[in-house]
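Hi,

Here is the structure for you to look over. My notes follow below it.

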Amino acid sequence: MTFSAADHAAMARALQLAAQGLNTTSPNPRVGCVLVRDGAVASEGWHHRAGEPHAEIHALRQAGAGARGATAYVTLEPCSHFGLTPPCADALIAAGVARVVAAMEDPNPLVAGRGMARLRAAGIITEHGLLESEARELNIGFASRMTRGRPWLRLKLAATLDGKTALENGVSQWITGPEARRDGHVWRARACAILTGIGTVKADDPQLNVRELPCERQPLRILLDARLEVSDSARIMQGDPILIATASTDTERIARLSAAGHRVLVLPNAAGKVDLQGLMSTLGSLGLNEVHAEAGFKLNGSLLRAGCVDELLLYLAPMLVGDAANGLFNLAPLARLEDATRLDIHDLRQVGRDIRILARCISA
């Protein structure tokens, strides 16, 4: 399918609009829409947050009668089902648009081609696949939840150039510079949830929230605590309630935590630890698209071994601290390089004095 330069420009603008909802649309996808008529932009719209009008509706309302005969460029296939809002496909038909170009088909089984089929049945020209990879990147977590039943898990790490995350005595603040730390909060803000383990809570007592930039929707905080050791005075327990995944069956402690507003998931595995794969499936059922994990080398290794990690967000600081310092992952030694975890470098850039690497697990 061949698209013109004007098609590309309109869809690129729609993607820019969709990105404005990067931190707010959860659990919905980020979607933008541009209406073009007679070679000129008639209107624009983007989805702001769940329960509110979708991108197409914002654009159609702005265009009014100018939508008739227009081409609608949408970053995701228009919905065809009733959810919290009516189907966007029906609204496009009623407005009299002549053509709809979608960057990608909706991975949601409730839509999955039905939106475009409904438009075609109404005589509207439909096309898709324009800037599809960019659109998929924007909604990588939503696509993961729709197709795999689990969120996209991004594991954030900060290390020295010799791969160490803390000194032997546990000191780790600060390995990276202020620019990298702020950038880490940008990634926190787009996530549906931030996950850590009880070891990190004991060692660092983190707040685990977004602080370095304005954020109208704080992500859910998730704590993996197999034995329910967390102190009520820990900073993660303050403010909004958190979700705690445990293997403990201490009904009295669970009742106290629940009474305080926290949600406790009892998910034991055969070893008495938290069932990590089971947790990922549960988080998917809760509508979480992207999970941002910040943990210690033990939980990092456990998540990697369990096949839960999709992507590493790694900040490397230009310093060396020696062999005795703590590493990135608690992983068993290998006898063969063929057994190594393989990664694809997806993005590489400098942030302040540090290097940021976005790498994806090939097997994910």
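A residue counts as buried under 20% relative accessible area, exposed over 50%, and partly exposed in between (1.4 Å probe, protein chains only). Leu 167 is partly exposed, at 33%.

Two points on the source. This is a predicted model: local features need pLDDT of at least 70, side-chain atom pairs count only at pLDDT 80 or more, and totals for chains, interfaces and linings use all residues. Residues are numbered from 1 along each chain as its sequence is written, and side-chain values use heavy atoms, without hydrogens or water.

**Cysteines**

The whole structure holds zero disulfides (pairs of cysteine sulfur atoms within 2.5 Å). Cys 79 is in none; its nearest cysteine sulfur, in Cys 88, is 3.7 Å away. Cys 79 is buried, with a relative accessible area of 8%. Cys 361 is also buried, at 8%.

**Helix α6**

Helices here are DSSP runs (H or I, at least four residues), and strands are E runs of at least two, numbered from the N terminus. Seven of the nine residues of α6 (residues 140-148) are buried, so the helix is largely enclosed by the rest of the structure. Among the buried ones are Phe 142, Arg 145 and Met 146. Their cover includes α5 (132-138), β6, α10 (276-285), β11 (290-293) and β14 (354-361). Just after α6, Gly 149 takes a positive phi of about 75°.

**Back to Leu 167**

Leu 167 lies in the loop between β6 (152-160) and α7 (178-190).

Best wishes

Notes:
Contact means heavy atoms within 4.5 Å.
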